[in-house]
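User: I would like to go through this structure term by term, setting each value against the definition behind it. Please take the questions in turn.

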Amino acid sequence: MPELDLLGGVLIQSTWAMMPILLAALGEILTERSGVVNIGLEGIMLISALFAVFVADKTLNPWLGVLTAIGIGAFIGLIHGFISVYLKGNQIISGLGINTFAAGFVAYSIEVFWGVRGYYTPKPEAKVPRLPAIGVSPLFLATIAITIVLFIILYKFDIGLKIRACGENPEAADVVGVKVELMQLTSTIIGGALTGLAGAVLSIDWLASITKQLPAGRGFIALALVNFANWNPLYGLLGSFIFGFLWTASEYMKNLEYFTRAIPMPLINTIPYIATLIVVAGVIGRSRPPQSVGVPYRRELD
Amino acid sequence: MVNSRFTEYLVYIGNVALAILIGLALGALIIWLGGYDPVKAYTGLFETSFNPSDYYYFATTLSYATPVIFTGLTFAISSRAGIFNIGAEGQMYMGALGAVIVASMNLPSPLILPMALITGTLMGALWGLIAGLFRALRNVNEVVATIMLNWIAFWIIEYARNYGLGDPRRQEKTISMPVEGRLPLLVKNTELSMAFVIALIVAILVYIFMWRTKIGYYIRVLGAGVKTAKYAGIDPRIITLYVFIIGGALSGLGGALEICGRPPTYAITTAASNIAGFGFTGISVSLLGLNHPILIIPASVIIGGLLAGSRGMQIKAKVPLEMVMAVQGLIIIALSVPGFTFVYRRWRIKKALRGGGSA
């Protein structure tokens, strides 16, 4: 049954396609639940992906690459969080700056690190190995675990209530003794770390390469997913599967002649973006962002 | 009042200058860490952008200022309405594509240039309108919508180059604008064309539009808050659509002017390489220009200089030219911090409080 094989192949591939989007979205759900918005996901993914390749390729240890990516993501999250939370900066502008910086810095660094322009493929040993029997990445299982843990923390634990309070009504949270600013900074750092992990998935797990446009808009699809998921990690899992499946399916279409004859190759590439727009436009009326997201919290008059 | 307003302007200029300095300083650090010579790099950069002894370089700087004036205006108008239209990139692609379509049509020669500019403007406006509809009618985050549309526009122009609008002799670019459709150059043997003059005029028109017309006023009211706009009897959705249509039209015109006014190709090259990035660079320009149509002009010259000088930097110090984009990102991040303005306001409030106490 070649059709079943094809479907199986698409499903296995989808696990990779959904991971970067889901991880970045989970990070952003946590960040936005605490009241900070970070639209620099694309940039964080890109820079983390770069360093993941650099370290994994040098040490021939993919896990060191993964850890590096998480660390770099956390570091950029720290910078964004510090600007947003303590300096009361404009969070959207800061995020745009991160994306712009990343695009330039990564293109520059590829040349500095490897003396090539635009494109580098790490050695095969630098790639995250697959789990034997099922053929998926171990990071996929980790991603599912993170989703569940994040859901439990946000909804079943005291600390989750505190985090959500910071995003809904920071004044009230402050009054009952929650350290709003510390909570927001920590959430932004963890959000950055998860987005960094997403970068490692792209560069040393799934695609095993680094280019200056590696995330190809996935950071923004993750933002759309946050919206789609109504800031709930479990819906995020569901949504990421839809996005991941569509992305993989459109890649498969390129190999099928009857598709490429109907839709020329460059236009097949637009499918994930069009799908994102349609899916998000279809559900958004029913989702509700945390009330104080994106507004710097100031104690009294500043 | 006048005096305090003047001080406010000085503080803003200080803010911008500080952000640029931070960007360049951190950029120097990255250049040094990359194993290059920062002094040599920046000397190369400025020698090929603001070199007083050779007008060629300054003309190149102004030629790069031209497209980013348009994309900067797109971002500025939306910012004034409290919206982040970061779709100038895709809107510019569509404008350039519009001009290329006209170039392919064998029109009578006096019609080519005006038709190219009009088609480009309309296609940019259409691309803006789509994002605006998602925002206004379905409440889709405009950052997400515009980035998706940027990617869609990118693949549409790649499609056009490969299927139908490609140059039959050179696969790496589209059909070129025929000679009759090209804008005259302002300075011989440079890339600086009349497009720069058009950009200046458009910036002034946008200023008049924003501060002297009803719609411009409504846009600024919307920027004061959606609730404020509703109390003033303004439908935020209609104004949002205006913001996106006008913004898209501006970037579309900018894209068409790149095709009609930039030697040597007068076409779109592979992967949009000759127009890619202007849209995002417009964000830096707008922020440096405090989202003000007139201040965007000097800001575009500063950023245009960075773009023009990046090649000189690469040739003279071997530093990859993308470094300039990283510097821009650092400048944007620095500008996101209230910095001086913040400190100054606090100081003024404290002074006022103290003054109130003693009086």
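User: At roughly what angle do the axes of helix H3 and helix H4 of chain B cross, and within what distance do they come?

Analyst: This is a predicted model, in which local features need pLDDT of at least 70, side-chain atom pairs count only at pLDDT 80 or more, and totals for chains, interfaces and linings use all residues. Residues are numbered from 1 along each chain as its sequence is written, and chains are lettered from A in the order in which they are written. The axes of H3(B), residues 55–80, and H4(B), residues 88–103, come within 10 Å and cross at roughly 130°; axes here are lines fitted to C-alpha atoms, for helices over the stretch in contact, and angles run from 0 to 180 degrees between N-to-C directions. Helices are DSSP runs (H or I, at least four residues), strands are DSSP runs of E (at least two), and both are numbered from the N terminus.

User: What makes H3(B) oblique to H4(B)?

Analyst: Angles under 35 degrees count as roughly parallel, over 145 as roughly antiparallel, 65 to 115 as roughly perpendicular and the rest as oblique. The crossing is at roughly 130°, and therefore H3(B) is oblique to H4(B). H3(B) passes H4(B) in a right-handed crossing, a term that applies if the near helix is turned clockwise from the far one by less than a right angle, whereas anticlockwise gives left-handed.

User: Which residues make the contact between H3(B) and H4(B)?

Analyst: H3(B) contributes B:Pro67, B:Thr71, B:Thr74 and B:Phe75, while H4(B) contributes B:Ala88, B:Gln91 and B:Met92; two residues are in contact if their C-beta atoms, placed from the backbone, lie within 7 Å. By class, this contact has four nonpolar, three polar and no charged residues, where Ala, Val, Leu, Ile, Met, Phe, Trp, Tyr, Cys and Pro count as nonpolar, Asp, Glu, Lys and Arg as charged, and the others, Gly among them, as polar.

User: Why is H2(A) called oblique to H9(A)?

Analyst: The axes of H2(A), residues 41–59, and H9(A) come within 7 Å and cross at roughly 135°, so H2(A) is likewise classed as oblique to H9(A). Their crossing is right-handed. Among the residues in this contact are A:Met45 of H2(A) and A:Phe220 of H9(A), and by class the contact has five nonpolar, one polar and two charged residues.

User: Why is B:Arg169 called exposed?

Analyst: A residue is buried if 20 or more other C-beta atoms lie within 10 Å of its own, exposed if 12 or fewer, and partly exposed in between. B:Arg169, in the loop between H6(B) and H7(B), has 6 such neighbours and so counts as exposed.

User: How do you know whether B:Tyr217 is buried, exposed or partly exposed?

Analyst: B:Tyr217, found in H8(B), has 15 other C-beta atoms within 10 Å, and therefore it is partly exposed.

User: How does the radius of gyration of chain A compare with that of a compact globule?

Analyst: The radius is taken over C-alpha atoms, and the globule rule is 2.2 Å times the number of residues to the power 0.38. For 302 residues the rule gives a value near 19 Å, and chain A has 19 Å, so the two agree. Buried residues make up 54% of chain A.
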